[in-house]
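Here is a short briefing on one protein chain. Keep the sequence and the model open while reading.

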Amino acid sequence: MRASPAMVPDLRPRLRSGDFLLGTWITLTDAVAAELLAGSGFDFLIADGEHGPLATDHLMTILMATRAAGVPVLARVGANEPVRIMHALDVGASGVVVPQIRSVADVERAVAWCRYPPVGLRGIAPRRASDYGRYTAEYLAAANELVTCCIQIETREAYEDLDAILSVPGVDALLIGPNDFSAALGHTGDLMHPVVEEAIAHVLARAEAHGVPAGIWTPSTTLTRARRSAGFRFTTVGADYGFMLAAADAAVREVAEG
């Protein structure tokens, strides 16, 4: 019998190791795109259920498609709601990314619904995460240490109450969303504005002080390398549709110019 639920890859040891981790976003509902990206060497993938059209059934097929590669898939839930978090975890996501955090109460809510009692509130019905009941006991024993609870820092409220938010037990990682963060700081669309960069550096410093691995979305590999050098423990770069768009546009352009 397996010692741990192989159905759900564990990202937390890698986050704690100090290694730099690189991920990307899944936004397309076709699981073939996820399967392709899972074979590219990314350390993790994030399925976008907030700004992408991914529902629970899409997430489940994505997890099936990526299972052979053993790549952890986090689900960015559409909202900080118990049902959304539990759906993602019960179908086998390695964890969740919770957007629009604004308060300590928001973080406590997210953490609670990622953990089983007595430390949390998650309801017990792991379904696919337990290999459809074959390994329920093993999954239940491992789940509270297995599931990654990643919060997004992208609002002014979260920024202003950062130390209290990062002090909440059970936060495994934070991800800065620079698009919303720049807007919250009064610089919509100007992701590299000095005020935004100063705030990003502050979030990174406070995360390091609290021992919380910090990540950030990056629009290019050049900025990815810069964020790695700055001390970020993980980043995401690009997205499934973006890779397709860039390659398609480049192919048409090269033929037209040839």
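**Ile200 and its surroundings**

Setting aside residues up to four places away in sequence, Ile200 touches Ile176, Phe181, Ile216, Arg227 and Phe232. The model is a predicted one. Ile200 belongs to helix α10, which covers residues 194-210. Its relative accessibility is 1%, so Ile200 counts as buried. Asp48 lies 152 residues away in sequence, and its C-alpha is 22 Å from that of Ile200.

**The chain as a whole**

- The protein chain holds twelve helices and eight strands.
- Its radius of gyration is 18 Å, which agrees with the value near 18 Å that a compact globule of 258 residues would have.
- The C-alpha trace spans about 60 × 45 × 30 Å along its principal axes.
- Of the 258 residues, 48% are buried.
- Among contacts with a separation of 6 or more, 66% are between residues 24 or more positions apart.
- The chain exposes about 11500 Å², and carbon and sulfur atoms supply 57% of that area.

**The barrel**

- Eight strands close into a barrel, and the pairing is parallel. The order is β1-β2-β3-β4-β5-β6-β7-β8.
- On average, neighbouring strands of this sheet are turned by 25° against each other, direction ignored.
- In a regular strand, side chains alternate between the two faces of the sheet.
- Strand β1 pairs with β2 in the parallel sense over four bridges. Here the bridge partner of Trp25 is Ile46 in β2.
- Strand β1 also pairs with β8 (residues 234-239), again in the parallel sense and over four bridges. Leu22 stands opposite Thr235 in β8.
- How many of the six residues of β1 are buried? Five are, so β1 is largely enclosed by the rest of the structure.
- Strands β5 (residues 148-153) and β6 (residues 173-176) run parallel and are joined by four bridges. Gln152 has Leu175 in β6 as its bridge partner.

**Arg76 in β3**

- Arg76 sits in strand β3.
- Is Arg76 buried or exposed? Its relative accessibility is 9%, under the 20% cut-off, so Arg76 counts as buried.
- The side chains of Arg76 and Gln152 make a polar contact of 3.0 Å.
- Beyond its neighbours within four places in sequence, Arg76 is in contact with Trp25, Ile46, Ala47, Asp48, Gly49, Glu50, His51, Val97, Pro99 and Gln152.
- Trp25 and Ile46, both in that contact list, are also bridge partners.

**Helices around the barrel strands**

- Helix α3 (residues 56-66) lies across β1 (21-26), β2 (44-48) and β3 (73-76). It runs at about 165° to β3.
- Helix α4 covers residues 82-90, and its buried residues are Pro82, Ile85, Met86, Ala88, Leu89 and Asp90.
- An α-helix has 3.6 residues a turn, so residues three or four places apart point the same way.
- Against which elements do the buried residues of α4 pack? They pack against α3, β3, β4 (95-98), α5 (104-114) and α6 (136-146).
- Just after α4, Gly92 takes a positive phi of about 110°.
- Leu245 lies in helix α12, which covers residues 240-257. Its relative accessible area is 48%, so Leu245 is partly exposed.
- The C-alpha atoms of Leu245 and His51 are separated by 18 Å, while the two residues are 194 apart along the chain.

**Backbone features between α5 and α6**

- Most residues other than glycine have a negative phi, and most peptide bonds are trans.
- Pro117 and Pro118 are joined by a cis peptide bond, with omega about 15°. Pro118 is in the loop between α5 and α6.
- Arg127 is in the loop between α5 and α6. Its phi is positive, about 45°, although Arg127 is not a glycine.
- Asp131 also lies in the loop between α5 and α6. Its phi is positive too, about 60°, and Asp131 is not a glycine.
- Arg127 counts as exposed at 59% relative accessibility, whereas Asp131 is buried, with a relative accessible area of 11%.

Conventions
Residues numbered from 1 in each chain as written. Predicted model: local features only at pLDDT ≥ 70, side-chain atom pairs only at ≥ 80, totals over all residues. Heavy atoms only, no water. Pairing = 2+ DSSP bridges. Helix = DSSP H or I, 4+ residues; strand = E, 2+ residues; numbered from the N terminus. Axes fitted to C-alpha atoms, helices over the stretch in contact; angles between N-to-C directions. Contact = heavy atoms within 4.5 Å. Buried < 20%, exposed > 50% of the residue type's maximum accessible area, 1.4 Å probe, protein only. Polar contact = N/O pair within 3.5 Å; in protein donor to acceptor, adjacent residues only side chain to side chain. Rg over C-alpha atoms; globule rule 2.2 N^0.38 Å. Areas by Shrake-Rupley, 256 points an atom, 1.4 Å probe, with all protein chains shown as cover.
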